[in-house]
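Thank you all for coming; I would like to walk through one structure this morning. Please have the sequence and the view open while I talk.

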Amino acid sequence: MTDEVAKLRWHRGDSDSSRGPLGAGVVPEVWDLRLRNEDLIMDWDHEVDVVAAGSGIGGMAAAITAVDHGGTALVLEKAHGLGGVTGWSLGQLWVGANHLAQAAGIPDSAAETDAYIGFIGASHSDPALRRAFVDGAPAAISYFMDAVGIEFELVRGMPDYFYTGHPAGKAEGRYLEVKPFPLERLGAAANKLLPSPHRFGSFTSADMLATMGDRDAMAKRIAEHLNRNERCAGAGLMAALLNAALERAVEFWVSSPVTELLTDAEGRVVGVVAVTPSGEKRIRARKGVVLATGGYDHNAELVRTFEHHEAILSMSPDTVEGDHLILAGALGAAVGVLPRDLTPTPLGIRVPDATGGEPYDQSYQPGKPHCIVVNGQGLRFADEAFYLDYEPALNILDGRHRRPRNWPAWLILDQNHRDSYDLATIPPGAPLPEGMATTADTLEELAAGAGIDTAGLRSTVERYNGFCESGVDPDFLRGKYPYSNIFLGDPRAVPNPNMGPIARPPFYAIPLHRVGLGFASAGLRTKEVGEVLDVKGSPIRGLHAVGNAAARLDIGGYNSGMGNTRGLLFGHLSAKHLMESGAR
């Protein structure tokens with residue numbers, strides 16, 4: 001082994017630092033101050049300016065921006081296809097005071113945007129990071145539309161979660177989505193996108209608003225998109241970003257997880273180790289590295305540590321395992337943690353596979369008529385049509401009995417619901433797979449079969465049914481928010497589109513699960529341009545984290561679309577910062 005290689009490995013921590021590469025007790029004072037890993041070109045298998053770990057919206061935005069600022073970029077993806085969590089999402093972006101809303105005559109301001117984000121974050125957002133989001137998101141959208149060519153458009157008529165619930169909430173103007181993307185523009189590269197098990201890529205948010213729960217009308221729109229070979233929502237967004245990246249000669253390596261961050265003698269991140277299909281590779285990042293690896297849904301230890309759940313189901317790719325925390329943790333990176341009550345982990349259903357294969361995990365918001373959610377005592381505990389209300393209620397501890405007060409929980413419905421609405425992937429009227437639900441002709445039999453308190457369930461259903469007559473839920477204000485009415489309600493149900501009695505047997509009790517969407521309560525602490533901070537509060541030079549890999553201290557809480565916006569914005573800012581300040 002040459003002295004140069006020995007010195008390199010010592011700086012990476014591969015040798016005993018008490019000995020040093022020159023022998024026990026020898027401290028290499030001269031070269032330890034000046035040697036840089038990237039000077040040892042013989043040790044690099046590949047070189048670019050910016051390496052992005054993760055191919056969702058954050059990694060793509062970073063790679064595109066790096067090239068637009070005169071650099072080269074490589075995206076390393078752990079999965080066998082590109083797109084990450086973004087590609088499996090509804091693809092919405094939430095951007096206050098954006099230029100598209102302004103052009104449409106919809107009033108908004110940065111001050112109102114900031115106030116709204118401060119409200120949903122329940123005082124847990126960092127003011128400086130929040131301001132970076134508020135000011136930066138509109139500019140990032142303009143950049144990706146004007147300079148990159150991504151075709152975003154307003155989702156008209158789509159309200160903020162807390163419209164009517166907070167003065168700064170808006171009836172419309174803050175939601176954007178990409179126009180349906182024709183796959184022929186990608187050619188053979190379309191096969192690089194990771195196929196999604198979800199149905200989101202075949203319709204837009206505008207389609208949902210236009211059809212308002214009309215299954216036939218939605219089916220017609222889906223068929224039109226598929227006949228034109230278009231991809232919508234998150235799949236369309238990732239197709240558009242991939243197209244822009246390929247136009248800029250961005251490199252992509254799939255099935256290539258990053259396993260180590262390499263630093264120079266001064267602690268600057270200068271490259272990565274990736275395990276590729278052709279073996280381990282050391283890749284030099286002349287400007288720096290952007291971690292865009294997502295959350296940690298599929299890492300049970302991290303879920304227990306930060307979410308305090310034994311396990312969750314997930315709608316994200318199984319490669320979302322918290323790699324950013326492990327990689328940056330080895331360099332002393334700081335972790336920011338929000339209360340888990342602020343992290344979107346909705347209720348969901350596990351649908352058994354009729355062929356004996358793996359069950360399908362699907363988030364499910366139980367806001368349509370003829371259903372309620374109850375705990376083991378048979379009691380309702382929140383507004384079922386508003387997940388930001390019932391999710392925190394699931395975490396309440398029963399202080400006397402030292403267990404969650406409202407968990408486990410069940411979805412209770414009747415045959416009217418079963419005949420009228422989809423249930424996860426199961427269409428109306430279709431039989432439920434064996435083992436999915438307890439079924440009975442009376443509420444008493446249902447409660448006994450499911451293990452729910454009989455008297456509690458009977459009383460709860462009778463009380464709820466009484467509320468349905470007036471359409472007013474004095475207990476939990478179900479159906480209060482326009483968002484719930486539009487996306488979960490049935491416009492045929494009057495006087496409240498989110499309410500209808502549970503009266504027609506047979507009755508069903510379905511055990512509910514927590515389903516992750518790739519979001520996380522914990523992430524790497526970052527500065528306003530995405531630089532990762534160490535435990536002393538200093539930037540780790542050459543290392544940025546974006547999207548769900550970065551702590552959500554910029555927004556604190558959540559409103560649909562903010563996750564994608566965070567990835568796009570801070571991926572852009574991170575690469576721009578690296579290209580302008582990173583050392584070669």
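Predicted model: local features only at pLDDT ≥ 70, side-chain atom pairs only at ≥ 80, totals over all residues.

Let me begin with the open sheet of three strands, whose order is S3-S5-S4 and whose pairing is antiparallel. Strand S3, residues 93-94, and strand S4, residues 152-154, stand at the edges with a single partner strand each, so one side of each has no neighbour in the sheet. Between S4 and strand S5, which spans residues 175-178, there are three bridges, and Phe-152 is found opposite Val-178 in S5. Across S3, S4 and S5 lies helix H7, residues 127-146, which runs at about 125 degrees to S4.

Strand S9, residues 258-263, pairs with strand S10, residues 269-276, in the antiparallel sense and over five bridges, and Glu-260 has Val-273 in S10 as its bridge partner. Five residues sit between the two strands, and in this hairpin Gly-267 takes a positive phi near 90 degrees.

The other sheet is also open, with four strands in the order S16-S19-S21-S20 and antiparallel pairing. Which strands stand at its edges? They are S16, residues 371-375, and S20, residues 438-440, and because each has a single partner strand, one side of each is left without a neighbour in the sheet. On average, and with direction ignored, neighbouring strands here are turned by 20 degrees against each other. Strand S19, residues 409-413, is joined to strand S21, residues 507-511, by four bridges, with Trp-410 opposite Pro-511 in S21. Helix H16, residues 454-470, packs on this sheet, where it touches S16 and S19, and its direction makes about 145 degrees with that of S16.

Now to the helix pair. Helix H3, residues 57-68, packs with helix H18, residues 562-581, at an angle of about 35 degrees, the axes being 7 Å apart, and the crossing is right-handed. The residues that meet include Gly-58, Ala-61 and Ala-62 from H3, and Gly-567, Gly-571 and Ala-575 from H18. By class, this contact has seven nonpolar, six polar and one charged residues.

Last, the second largest pocket, which holds about 340 Å³ of space. It is lined by 19 residues, of which Leu-194, Pro-195, Ser-196, Arg-231 and Ala-235 are the closest to its centre. Sorted by class, that lining has eleven nonpolar, six polar and two charged residues.

Terms used
Residues numbered from 1 in each chain as written. Heavy atoms only, no water. 1 Å grid on protein atoms, 1.4 Å probe; cavity = no way out; pocket = protein on both sides within 12 Å on 5 of 7 lines; lining within 4 Å. Points joined across faces, edges and corners; volume = space filled by probe spheres on them. Nonpolar A, V, L, I, M, F, W, Y, C, P; charged D, E, K, R; others polar. Axes fitted to C-alpha atoms, helices over the stretch in contact; angles between N-to-C directions. Left-handed = near helix turned anticlockwise from the far one by under 90°. Contact = heavy atoms within 4.5 Å. Pairing = 2+ DSSP bridges.
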